[in-house]
Amino acid sequence: MCSVISGLRPVRRALGLTLRLRTSTEGSWCAAAESRRFFPAGSAGTGPLRETSRSYCSRMALSEGVLFRQLFEAESSTYTYLLADTETKDAILIDPVLETIDRDLKLIHELGLNLKVAVNTHCHADHITSTGMMKKRLVGLKSAISKFSGASADILLSEGDKITFGKHYLTVRETPGHTDGCVSLVAGDQSMAFTGDALLIRGCGRTDFQQGCAKKLYDSVHQKIFTLPDQCLIYPAHDYLGQTVSTVSEERRFNPRLTKSLEEFVYIMNNLNLPKPKKIDISVPANLVCGVHQI
């Protein structure tokens, strides 16, 4: 019996270590688990998956006192991000989509949040924003977008502007290239960045329409995003492969386009030969007027 108990002690110690590690990491990002869920071992070479449903990683953000939610719209594969001060309940919403307005407002109501600003990282071509309709349903809500987007909004953003929610804020970094009006939004402690279409996970936004310029995009990413700390979490506006988050370090090392020289990058971007977004003729005019439009 003693030998059996002795033999179990290392197992118990290992189990205890595993449980402690699990407890310490469960509150952090779930991206690795999500990646395994959508891409089991050996399936990375397959084409894009069309998900009919998706679970979401939601947690307290790295900044103490920040509530964070990552939400998904399946048709355009768009991520919407909700951030709030847990004390004041003041909140901001990034890149909301018209089709999911009821879901987003329901969540905001359930969490008891006071949504202050709905911001778009750029004038989207693949979906219509819900910011205009949200303003009609939430008293005091303000819309925001880059002053270079050509779109109307209550707040026109420039380099270095701060979007505040309670005692927290995001800083605006202008990252043109996909469009002239693209911005990335960086947490005050630089723990995370919302990069819109400028930098995607192992990719980037296209540059063949809406004032697109491959050289501008390359410079924007290298000067405004890749200069952030290695561990800074990258949250894009879209992902088509089930990936939820990356880091500055990962994209500097593994992004198949942006690890190339400028000349190689420009050549790649000029030869993608992609079809234009299905909703571009509807989405762009609508988004230029904050999503409030007549169909």
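A residue is called buried here when its relative accessible area is under 20%. Keep that cut-off in mind as we walk through this predicted model. Val 245 has a relative accessible area of 14%, so Val 245 is buried. You will find Val 245 in the loop between strand E14 (233-236) and E15. Although Val 245 and Ile 234 are 11 residues apart in sequence, their C-alpha atoms are 5.7 Å apart in space.

Strands pair through backbone hydrogen bonds, in a parallel or an antiparallel sense. In this model, six strands make up an open sheet with mixed pairing, and their order is E8-E9-E10-E11-E14-E15. Strand E8 (162-165) and strand E15 (246-247) stand at the edges with a single partner strand each, so one side of each has no neighbour in the sheet.

E8 pairs with strand E9 (residues 168-174) in the antiparallel sense, over four bridges. Thr 164 has Tyr 169 in E9 as its bridge partner. The two strands form a hairpin with two residues between them, and in the turn Gly 166 has a positive phi of about 65°. Further into the order of strands, E10 (residues 183-187) and E11 (residues 192-196) run antiparallel and are joined by two bridges. There, Val 186 has Ala 193 of E11 as its bridge partner.

Now turn to helix H5 (residues 214-225). Its 12 residues reach 16 Å from the first C-alpha to the last, close to the 16 Å expected at 1.5 Å a residue. Ala 214, Leu 217, Tyr 218, Ser 220, Val 221 and Ile 225 are buried in H5. These residues cover an arc of only 160° around the axis, which puts them on the same side of H5. An α-helix has 3.6 residues a turn, so residues three or four places apart point the same way.

Finally, look at the cavities. What is the make-up of the lining in nonpolar, polar and charged residues? Seven are nonpolar, eight are polar and none is charged.

Key:
Residues numbered from 1 in each chain as written. Predicted model: local features only at pLDDT ≥ 70, side-chain atom pairs only at ≥ 80, totals over all residues. Heavy atoms only, no water. Nonpolar A, V, L, I, M, F, W, Y, C, P; charged D, E, K, R; others polar. Pairing = 2+ DSSP bridges. Expected span 1.5 Å × (residues − 1). Buried < 20%, exposed > 50% of the residue type's maximum accessible area, 1.4 Å probe, protein only. Arc of directions from axis to C-beta.
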